[in-house]
Amino acid sequence: MSRTSDSIPKHEAIMRLALERGFFFPASEIYSDSPAGFWDYGPLGVSLKRKFIELWRRELVRRDNMLEIDGAQVLSKNVFIASGHLKSFVDPIAKCPRCKSVYRIDKLIEETVGLHIPERLDLNHIQEIVRENNIRCPKCSGELTDFSYFNMMFKVEVGATGVDAYLRPETCQSIFVDFLRLFKTMRCKLPIGFAQVGKSFRNEVSPRQGLLRMREFYQAEIEVFFNPKKANELPKAEPLMDYLLRLKPLDSDEILEVTCREALEKKFISSKLVAYYLALIQQFYEKAGIPREKIRLRQLGEDEKAFYAVEAWDLEVETSLGWIELVACNNRGDYDLGGHQRLSGHEMTVLDDGEKVLPHVFELSMGIDRSIYCILETAYAVINGRNVLKINPELAPINVAVLPLVSREPLVSKAREIYDLLRLDYDVVYDESGSIGRRYARQDEVGTPYCITIDNQTLTDNTVTIRYRDTTHQFRIEVSKLHDFLLRSFKIS
């Protein structure tokens, strides 16, 4: 496990930083009955999340000419009958009758004996594994019983009559049920991507590790509708065909650096369309500041794929906790539109060059919260005893800090003047408390790329000192050139 210089595990260091500096913290934390798996974002976390989503919009949604929607979070029961979630969106659990604890048994087996349990393994087989390995309750060593499947959806009753509905477990179903209206009203042609960012809800049995497994979380999902007969007819993919993907196919023990073209020739990937979107999503995380050597696209086998997937890749990032899935990249075939067509009675076919087509779907389903955690952990460093968050400047919660060298006039008034000059265009803080070294350290810890220091020389020649976070390098610049310098440093949306 990775550790900081003072022997604190890296995950613990990130959680401590998040709590102490207001990135995120447990919801309802002042109450002892607060349920696990719910987190609030503080000001720095909100800023980071907003900038991450804007980067996603720029580098994926706008770059690919996708259309964005904002769907309801409560949906009809029939939506989830058609989608298969009421039947198949389940986790295996077991109970301890002695201490009343409930466990997600596949994860307990994995943590106890290191055995991976396939997604659709039957309960009898799971029970046999528990018995053979003598796996017992971690809390009281009691025998585990009552093996069953637990549906993770949150059921709600709507209105005075209590009509059954559900909180969405993924944002994409709104896109599927709205597809026909969207396709017609927006005068679309295949292939077309629809995107959505918002909250989803899953009643996790054992939420843990902060933002990594939550019951209420943010997703950014992209659903690309395409004609399966034309999945290799994608002219816009050509510029990316020589881009190097970091693939871990099923039959490989290592990560392979192969171009999109080679991945197609070797039949690692089913189509040019899939290769193109895998390239886009890998590029996105590189631009977000994740080193490419810490990224892999791992192919999922039949025992791991979601119930709706015909082809599946997980974009994963290596952390101190191991490889963490950030994006599920699924070829969902015609599962979704076909299911809603059958149950609703509404035809979901569209015309593509005169041919009637039930579109297939390729999905990029991104977990925003866990992406933010991985960005923080990847950026975190301890340099000469000081905590530094070497986050991509575009994503930094605070763009620039304005600091008078000492807290006295006329330096304070001049610093306030510069702060007012910048604060409408950038995320700026003003700080005059403590020594200048202590203030630099505070900004380093939360990832602020630039500190502007106002000193006595400022009063004579109207120049300020700019200090860069990662190198501590300092240089002077005229106040009149600050805007130009910062505009080159940040892409302000």
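Student: In which strand is aspartate 352 found?

Tutor: Aspartate 352 is found in strand 17, residues 350–352, where strands (E, at least two residues) and helices (H or I, at least four) are DSSP runs numbered from the N terminus. This is a predicted model, in which local features need pLDDT of at least 70 and side-chain atom pairs count only at pLDDT 80 or more, while totals for chains, interfaces and linings use all residues. Residues are numbered from 1 along each chain as its sequence is written, and side-chain values use heavy atoms, with hydrogens and water left out.

Student: Is aspartate 352 buried or exposed, and which residues does aspartate 352 touch?

Tutor: Aspartate 352 is buried, with a relative accessible area of 5%; buried means under 20% relative accessible area, exposed over 50%, and partly exposed in between, with a 1.4 Å probe and protein chains only. Not counting residues up to four places away in sequence, aspartate 352 touches Leu190, Asn227, Lys230 and Val357, contact meaning heavy atoms within 4.5 Å. Aspartate 251, by comparison, is exposed, with a relative accessible area of 69%, and is found in the loop between strand 12 (244–248) and strand 13 (256–259).

Student: How should I read the pairing of strand 15 with strand 16?

Tutor: Strands of a sheet pair through backbone hydrogen bonds, either parallel or antiparallel. Here strand 15 (residues 311–319) and strand 16 run antiparallel and are joined by 9 bridges, two strands being counted as paired if DSSP finds at least two bridges between them. The two strands form a hairpin with 2 residues between them, and alanine 312 of the pair stands opposite asparagine 330 in strand 16. Strand 16 also pairs with strand 19 (residues 360–367), in the antiparallel sense and over 6 bridges, with asparagine 331 opposite phenylalanine 362 in strand 19.

Student: Why is strand 16 largely enclosed by the rest of the structure?

Tutor: Strand 16 (residues 322–333) has 9 of its 12 residues buried, so it is largely enclosed.

Student: How many residues does the largest nonpolar core have?

Tutor: In soluble globular proteins, nonpolar side chains tend to be buried together. The largest nonpolar core has 82 residues, and Phe23, Trp56, Ile269, Ile281, Tyr285 and Met366 have the most contacts inside it; such a core is a set of buried Ala, Val, Leu, Ile, Met, Phe, Trp, Tyr and Cys residues joined through side-chain atoms within 4.5 Å. Helix 9 (residues 272–287) gives the most to this core, with 11 residues. Another core, of 22 residues, lies apart from it and has Val402, Tyr419, Leu482 and Phe485 among them.

Student: At what angle do helix 7 and helix 10 pack?

Tutor: Helix 7 (residues 172–185) and helix 10 (residues 335–344) pack at about 60 degrees, with their axes 10 Å apart; axes are lines fitted to C-alpha atoms, for helices over the stretch in contact, and angles run from 0 to 180 degrees between N-to-C directions. Gln173, Phe176, Val177 and Phe179 of helix 7 make the contact with Asp336, Leu337 and His340 of helix 10.
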